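Welcome, and thanks for taking a look at this structure. The report below walks through a few of its features, beginning with a loop.

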Amino acid sequence: MLKLLRTIDELNNWRESKGITPSKLGFVPTMGALHEGHLSLIKKAKEDNPFVLVSVFVNPTQFAPNEDFEKYPRPLEKDCEKAESAGADAVFAPSVEEMYPPDASTFVDVEHSMKDQLCGASRPTHFKGVTTVVNMLFNIAQAGKAYFGQKDAQQAAIIKRMIRDLHMPVDIVVCPIVREPDGLALSSRNVYLSASERKHAVILNQALVKLKDRFMAGERSVNYLEDFLKNELEKAYLGRIDYARIVAFDDLSELTTIEKPALAAVAVFFGSTRLIDNVVLDPGGN
């Protein structure tokens with residue numbers, strides 16, 4: 001039976017009572033509103049580890065003042081049911097006060113250009129909040145492996161850099177994007193889309209598929225491929241492009257020609273809802 005843990009002390013007691021060491025625990029950090037993408041991470045964690053812990057915490061420090069922190073969905077009871085069905089042993093769902101004491105003044109920030117582009121360009125404080133809370137959650141969970149989705153590729157790259165730089169004893173496992181039958185990447189924000197916006201949102205995946213076809217046919221010019229991607233995205237009449245970029249897969253650095261694995265990443269607004277997606281372009285043929 002799944003255990004709901006609301007405090008750090010409860011989590012510590014649960015881990016001690018089960019004799020859970022880091023090598024036995026897989027950790028899946030989430031902001032809740034779980035969908036099949038999250039559940040795929042939980043299932044993978046359960047394949048790899050005797051115990052799986054899922055965190056459900058809507059982190060205020062990664063939202064800017066004009067973003068959707070207050071309205072972000074928080075269906076905790078349903079999340080617990082879904083997490084348990086996918087193999088989770090416990091859900092850690094702390095309050096903001098449990099995570100951030102009133103006088104909290106410590107943050108963790110990856111000072112690298114990888115956080116200043118793509119999503120970081122339009123959300124300049126976002127990744128500082130992400131790395132801070134993920135650092136906190138890693139310290140609290142004490143898991144040997146943590147599981148993230150490829151949809152948030154920039155986040156995964158930044159967290160990997162934080163792990164490397166701070167010598168943190170956790171392995172990062174990045175799992176494939178899970179999609180709707182029509183190709184739209186699963187996201188907790190998809191529920192915000194109107195019927196017409198949802199219809200047009202499939203353009204993200206469609207544009208990336210066409211882009212990869214051009215790449216597999218031999219095109220390697222980043223300028224050409226980025227222009228091609230933007231032109232395809234502009235066919236979504238209800239969408240407003242935030243970015244459409246191609247960068248190095250490992251550190252998100254600038255490229256002119258794709259001679260090593262690259263990340264093609266897009267962000268598009270449909271109304272006030274911002275959706276992201278990506279695809280890896282690998283000259284090795286994958």
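Let's begin with Ala33, which is found in the loop between β2 and α2 (36–48). Ala33 has a positive phi of about 50 degrees although it is not a glycine. For context, most residues other than glycine have a negative phi. Is Ala33 buried or exposed? With a relative accessible area of 12%, Ala33 is buried (buried means under 20% relative accessible area, exposed over 50%, and partly exposed in between, with a 1.4 Å probe and protein chains only).

His167 sits in the loop between α7 and β6, and at 71% relative accessibility it counts as exposed.

## About the model

This is a predicted model, in which local features need pLDDT of at least 70, side-chain atom pairs count only at pLDDT 80 or more, and totals for chains, interfaces and linings use all residues. Residues are numbered from 1 along each chain as its sequence is written, and side-chain values use heavy atoms, with hydrogens and water left out.

## The parallel sheet

An open sheet is formed by 6 strands in the order β1-β4-β3-β2-β5-β6, and the pairing is parallel (two strands pair if DSSP finds at least two bridges between them). At the edges stand β1 (3–5) and β6 (171–175), each with a single partner strand, so one side of each is left without a neighbour in the sheet. From one strand to the next, the twist averages 25 degrees. The partner of β1 is strand β4 (residues 90–92), paired in the parallel sense over 3 bridges, and Leu4 stands opposite Val91 in β4.

Helix α1 (residues 8–17) lies across β1, β2 (25–30), β3 (51–56) and β4, running at about 140 degrees to β1. Helix α7 (residues 153–166) lies across β5 (145–149) and β6, at about 170 degrees to β6. Axes are lines fitted to C-alpha atoms, for helices over the stretch in contact, and angles run from 0 to 180 degrees between N-to-C directions.

## Where α6 meets α7

How do these two helices cross? The axes of helix α6 (residues 126–141) and α7 come within 11 Å and cross at roughly 55 degrees. The two helices are therefore oblique to each other (angles under 35 degrees count as roughly parallel, over 145 as roughly antiparallel, 65 to 115 as roughly perpendicular and the rest as oblique).

On the α6 side, the contact is made by Phe127, Val130, Thr131, Val134, Asn135 and Phe138, and on the α7 side by Gln154, Gln155, Ile158, Ile159, Met162, Ile163 and Leu166 (contact means heavy atoms within 4.5 Å). These residues divide into 9 nonpolar, 4 polar and no charged. Here Ala, Val, Leu, Ile, Met, Phe, Trp, Tyr, Cys and Pro count as nonpolar, Asp, Glu, Lys and Arg as charged, and the others, Gly among them, as polar. Gln155 of α7 is buried, with a relative accessible area of 18%. Leaving aside neighbours within four places in sequence, Gln155 is in contact with Phe127, Val130 and Phe148.

## The antiparallel strands

Strand β7 (residues 239–248) and β8 pair in the antiparallel sense over 9 bridges, and the bridge partner of Val247 in β8 is Leu263. Strand β8 (residues 262–270) is in turn joined to β9 by 9 bridges, also antiparallel. Across that pairing, Leu263 has Val280 as its bridge partner, and Ala265 stands opposite Asn278. The two strands form a hairpin with 2 residues between them, and Gly271 in the turn has a positive phi of about 65 degrees.

In β8, 9 of the 9 residues are buried, so the strand is largely enclosed by the rest of the structure. Ala262, Ala264, Val266, Val268 and Phe270 point one way from β8, while Leu263, Ala265, Ala267 and Phe269 point the other way. Strand β9 (residues 273–281) is mostly covered, with 8 of its 9 residues buried.

Key. Helix = DSSP H or I, 4+ residues; strand = E, 2+ residues; numbered from the N terminus.
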